[in-house]
Amino acid sequence: MAREIKFRIWDGSQMNYHVLVGKLGVYYASIDPKDTASVINTKYPASIIPMQFTGSVDLNDKEIYEGDIVKLGSGFTPQFRPIIYSEYGSWRIGECGIGYGQLKANGKVHCEVVGNIYQNPELLKPESCTP
């Protein structure tokens, strides 16, 4: 099953979900994502931060993107962790390496999106990666 490839961007003040990716990784704003003719002629500067859709949803059917902060069950400390894309080509929950697939069942990831690393950094606490 193929997953949908889409992005959102953080422009320093707000999150934009109407993003098209052009040649060579150039990101463009779209007024109407279903109408490719509505692409604004101004491309985003290189300083924008793109975040890719993971292809999954949380327990509330909210799409999960790279950079989201998710709330895990009470058995996890800290409970709030970011979604990251690892250097090994897989989605991870937090820096300590909870495998994304470990919490996934029935097409949903067993967590809840509660914010993102740009708008809600206060939710994150340092992780201790040692047992």
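Trainee: Why is Arg-8 called buried?

Mentor: Arg-8 has a relative accessibility of 1%. Buried means under 20% relative accessible area, exposed means over 50%, and partly exposed is in between, using a 1.4 Å probe and protein chains only. So Arg-8 counts as buried. Before we go on: this is a predicted model, where local features need pLDDT of at least 70 and side-chain atom pairs count only at pLDDT 80 or more, while totals for chains, interfaces and linings use all residues. Residues are numbered from 1 along each chain as its sequence is written, and side-chain values use heavy atoms, with hydrogens and water left out.

Trainee: What makes Arg-8 and Asp-68 a salt bridge?

Mentor: Their closest N and O atoms are 2.7 Å apart. The rule asks for a side-chain nitrogen of Lys or Arg within 4 Å of a carboxyl oxygen of Asp or Glu, so this pair qualifies. The two partners sit 60 residues apart in the chain, Asp-68 in strand S8 (residues 68-71) and Arg-8 in strand S1. Strands here are DSSP runs of E with at least two residues, numbered from the N terminus.

Trainee: Is Asp-68 buried or exposed?

Mentor: Buried, because its relative accessible area is 2%.

Trainee: How many salt bridges does a search of the whole structure find?

Mentor: Two. Glu-63 forms one with Lys-6, with the closest N and O atoms 2.6 Å apart. That pair also links distant parts of the chain: Glu-63 is in strand S7, and Lys-6 is in the segment before strand S1 (7-10).

Trainee: And why is Glu-63 called partly exposed?

Mentor: Its relative accessible area is 29%, so Glu-63 falls in that in-between band. His-18 counts as partly exposed too, at 35% relative accessibility.

Trainee: How do you know that Asp-58 has no salt bridge?

Mentor: Look at the nearest side chain of opposite charge, Lys-62: it is 6.6 Å away. Lys and Arg count as positive, Asp and Glu as negative, and His and the chain ends aren't counted.

Trainee: What lies 2.9 Å from a polar atom of the Asp-58 side chain?

Mentor: The backbone nitrogen of Lys-62. The backbone nitrogen of Val-113 lies 2.8 Å from a polar atom of that side chain.

Methods: A polar contact is a pair of N or O atoms within 3.5 Å; within protein, one must be able to donate a hydrogen and the other to accept it, and residues adjacent in sequence count only if both atoms are side-chain atoms. Helices (H or I, at least four residues) and strands (E, at least two) are DSSP runs, numbered from the N terminus.
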